[in-house]
Amino acid sequence: AALLSASPKVGRTFWIDLGEGSADEYGAIKGARYEIVEHDGTWTQIFAAVEAIHAIAARAAENGEPPVVLVIDSMTAEWDLLKDWAANRAKGSATNRRKLAQDPNAEISISTNYWNDANSRHRKLMRLLMTFSGIAVMTARGKWVAAMGDNGQPVEGKKEYRVEGQKTLAFDASCWVRLDRDGPGMVIGCRSVHNGVRPGHD
């Protein structure tokens with residue numbers, strides 16, 4: 001993302017650092033020229049910042065300027081933020097308040113309506129990113145986990161890669177690139193008929 005900001009093919013680059021703390025560090029990369037977006041860590045401020053940058057990108061596109069870049073590092077932290085929001089709201093329900101009064105360490109049940117609200121907030125953010133008139137770069141963590149069979153049980157000796165974030169995050173991206181510390185990057189998915197990239201091979 002920092003190297004992309006150095007490209008003469010792009011215009012202004014905005015970097016929203018969520019829980020990763022790397023925006024300041026990567027500014028030392030030669031040629032990097034991005035603006036770090038200030039926020040207080042709340043979803044409301046983060047969403048407002050993305051809305052403002054969405055409008056800047058639209059104006060740049062209308063004026064024929066190089067595309068604006070928006071970097072969100074990371075969407076794993078965005079979903080963690082929304083999960084915590086749902087959990088904290090669930091703690092306020094009458095049932096969970098009674099549970100916590102009896103046992104402060106009791107397991108809290110987060111009902112569907114709280115998850116629906118968290119998913120709704122995520123979708124609002126994704127709508128802005130998917131209609132962004134420039135280049136939106138989302139990072140997310142991922143890991144290999146035990147593959148699950150149709151019966152909901154782990155399949156012995158089989159693993160699958162899972163992106164750590166809201167469950168539809170990877171499918172909403174127009175291009176999904178998996179990077180690895182030890183091996184080459186891999187294009188997992190790419191929604192394009194023009195670039196000749198073969199997902200799973202290149």
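**Aromatic contacts: a note**

1. The charged end of R178 lies over the ring of Y161, 3.9 Å from the ring centre. A charge sits over a ring if NZ of Lys or CZ of Arg is within 6 Å of the ring centre and within 35 degrees of the ring normal. K124 has its charged end over the ring of F47, at 4.9 Å from the centre.

2. On provenance: this is a predicted model, where local features need pLDDT of at least 70, side-chain atom pairs count only at pLDDT 80 or more, and totals for chains, interfaces and linings use all residues. Residues are numbered from 1 along each chain as its sequence is written, and side-chain values use heavy atoms, with hydrogens and water left out.

3. The structure holds 5 aromatic pairs. Rings of Phe, Tyr and Trp (its six-membered ring) pair if their centres lie within 6.5 Å; planes under 30 degrees apart count as stacked, over 60 as edge-to-face and the rest as tilted. W15 and Y26 have ring centres 6.4 Å apart and planes at 50°, so this pair is tilted. It links distant parts of the chain: W15 is in strand 1 (residues 13-17) and Y26 in helix 2 (residues 23-26), 11 residues apart. Helices (H or I, at least four residues) and strands (E, at least two) are DSSP runs, numbered from the N terminus.

4. W15 is buried, at 3% relative accessibility. Y26 is partly exposed, at 40% relative accessible area. The cut-offs: buried is under 20% relative accessible area, exposed over 50%, partly exposed in between (1.4 Å probe, protein chains only).

5. W15 also forms a tilted pair with Y34: 4.5 Å centre to centre, 35° between planes. Both residues are buried. Ring pairs link W15, Y26 and Y34 into a cluster.
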